[in-house]
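The tour begins at the ligand and then moves out to the sheets.

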Amino acid sequence: MKILVCITNVPDTTSKISFTDNNTKFNTTGVQFIIGPYDEYALSRAIELKEANGGSVTVLNVGEADTEPTIRKALAIGADDAIRINAFPKDAQFVAAQIVAVAKTENYDLILMGRESIDFNGGLVHGLVAEALGIPSVSPVMKLDIEGNLAKMAREIEGGKEYVEATLPLVAGCQEPIAEWKIPNMRGIMSARTKPLKVVEPTATESLINMLAYELPPAKGACKMIDASTPEKLFELLKNEAKVL
Amino acid sequence: MSILVFIEGVEGEVKKSSLEAVSYATELAKKKGVATTAVAIGNFSATALSSIGKYGVAKVLHVTNDKLAQVNVMAYATALAEAAKKENAEVVILPKSSAVDAIVSRLAVKLNAGVVTGAVDLPDTSGGFKVKKSIYTGKAFTTVELTSAIKVITVAKNAFPATETGGSAQVEVFAPAIPESDFSIKITKTEKATGEILLPEADIVVSGGRGLKGPENWGMIIELAKELGAATGCSKPVSDMDWRPHHEHVGQTGVKVSPNLYIAIGISGAIQHLAGVNSSKCIVVINKDPEAPFFKAADYGIVGDAFEVVPKLIEAAKKL
Ligand SMILES: Cc1cc2nc3c(=O)[nH]c(=O)nc-3n(C[C@H](O)[C@H](O)[C@H](O)COP(=O)(O)OP(=O)(O)OC[C@H]3O[C@@H](n4cnc5c(N)ncnc54)[C@H](O)[C@@H]3O)c2cc1C
């Protein structure tokens, strides 16, 4: 089975977010970049599926050269090889077009990625890729098993779960608890250095959106403390002051 | 030219987030001087559909195809694209939801439309077409310009109020052609709590963390939620340990909520938890540790033992 896992290179979840250049650029100073947490769930499941069924796991990232440490981490976790599309991931539609260009020639059985990136929270790429390839897409997938040519999945819905099936090839947007994150071991880290990482130039696409400017939410006021011996005061304040009851 | 808005149902009724999307659509239509058409797919009560008119929509297209009783992502995208073409829609508005998240990207490809998910405000149409959305999981916002002829937007929950303006809607049956290949995803089983307030839709959320010690202590959380008409949520370790179902897990890697009121009990307020709640209008934190980081993100706080404070709150809530 041939699996493609698309990963994002995003700020660590504890990062303080700020902007530079008159609020038009993300401030990378002091920010640690990681594999998107949802993408890492997808990668972990891909490696388990490969271990169970044989085949290969390729990771793909649309990003400039500075994303290579994140790609190497994915190789250390257990992907066999990697593709970096050498371009800034300007929006979901651009990224999807790059993935589609690769997928059209490689015929993957399964294309996995996170349900959404944790920077722009678009949640679009899996569906965009699948629609362009004319294959099914399922998201957010919290369980994925492969039986022959059939993928059996559970996806989260509001207030519950839905079990779905589709034949391969397909695209899945993943989330926990599809697999446990895998911590790369020493051997993985060593071998990641020499695993193939192919750099491909991007294909041109029609631009449909432009990101104009960023802003931070207004600062939060101080927290009003209520004495634990009179918690009923809380509802008074919620009703008369905050007006949310 | 027109604006199309997608109506999502739950148990035959129109979801609150769909009414918010309708108000968003009609407000935008007013600005642009065009009409709004709603499209509903699947089973709805007749009164549910005509009541959409109260929110300013004159026409509702109802797709009644039996095969679409459950949300089938590919077929729904086709039906919506066909409705957009029929109505010559320039903007398609959808309520952000777990179903819509899976549909909207496929719809955008079909319409060659630029797409923005989770808009928090009406588009600025004074020069171009600009939409504000939240990014970095609630830690920032960006303004996005859509330059495509057709534009697709999903509206964040609780970001835009549903407002009744009066009026009634004409319901028209719409039967778009849907190819057999759109049914290649088979839904084999659905497990869904019925009659429960859906967490992402809720106005009030009562959420519990590891400080509650074990699943056997959730009775008081559920009781407080019931008294307040709230949905229940939890932190990630709580769902990881199976104290609560996964769909209640709030935060960076779980459900993002934006209720009017979020009450966090025995949750420390890790940055990944805050990422899922920071667009709540009002946050209340109950924690025995005065240094718990959650207090920094809260509007109201009580330092105290949950096992003493919560029962008193339940009593007080009964008197509301
Ligand atoms: C990539 C990543 C993603 C993550 N995503 C999420 C996510 O989506 N959601 C999420 O929640 N977490 C997430 N986490 C985990 C997060 O970092 C925290 O570990 C988690 O939120 C802690 O949960 P908690 O507050 O319930 O538990 P704890 O941190 O153990 O806090 C328990 C709190 O309860 C208080 N307490 C104890 N006893 C009582 C009592 N009797 N009365 C009152 N208070 C009491 C304590 O003072 C403490 O503050 C993520 C972590 C990572 C690395």
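Select B:Ser268 and the ligand first: a backbone N or O atom of B:Ser268 lies 2.7 Å from an oxygen atom of the ligand, a polar contact being a pair of N or O atoms within 3.5 Å. This is a predicted model, in which local features need pLDDT of at least 70 and side-chain atom pairs count only at pLDDT 80 or more, while totals for chains, interfaces and linings use all residues. Residues are numbered from 1 along each chain as its sequence is written, chains are lettered from A and ligands numbered from 1 in the order in which they are written, and side-chain values use heavy atoms, leaving out hydrogens and water.

**The ligand site**

At B:Val250, a backbone N or O atom lies 2.8 Å from a nitrogen atom of the ligand. Taken alone, the ligand exposes 980 Å², of which the protein buries 81% (Shrake-Rupley method, 1.4 Å probe).

Now display both chains: the ligand lies between chains A and B. Its shell holds 28 residues, and B:Ser235, B:Ser268, B:Gln272, B:His273 and B:Asn287 come nearest (a residue is near if one of its heavy atoms lies within 4 Å). The shell divides into 7 nonpolar, 15 polar and 6 charged residues, with Gly counted as polar.

**The parallel sheet**

Next, select the open sheet of 6 strands, ordered S15(A)-S17(B)-S16(B)-S15(B)-S13(B)-S14(B), with parallel pairing. Strands here are DSSP runs of E with at least two residues, and helices are runs of H or I with at least four; two strands pair if DSSP finds at least two bridges between them. The edge strands, S15 (224-226) of chain A and S14 (231-234) of chain B, each pair on one side only. Within chain B, 5 bridges join S15 (261-265) to S16 (282-287); B:Leu261 has B:Cys282 as its bridge partner.

**The mixed sheet**

Finally, turn to the open sheet of 10 strands, S13(A)-S7(A)-S6(A)-S1(A)-S8(A)-S12(A)-S9(A)-S10(A)-S11(A)-S12(B), with mixed pairing. Strand S13 (197-200) of chain A and strand S12 (186-192) of chain B have a single partner strand each, so one side of each is left without a neighbour in the sheet. Where does chain B join chain A here? Strand S11 (160-167) of chain A pairs with S12(B) in the antiparallel sense over 6 bridges. To see one such pair, select A:Lys161 and its bridge partner B:Glu191.

Terms used: A polar contact is a pair of N or O atoms within 3.5 Å; within protein, one must be able to donate a hydrogen and the other to accept it, and residues adjacent in sequence count only if both atoms are side-chain atoms.
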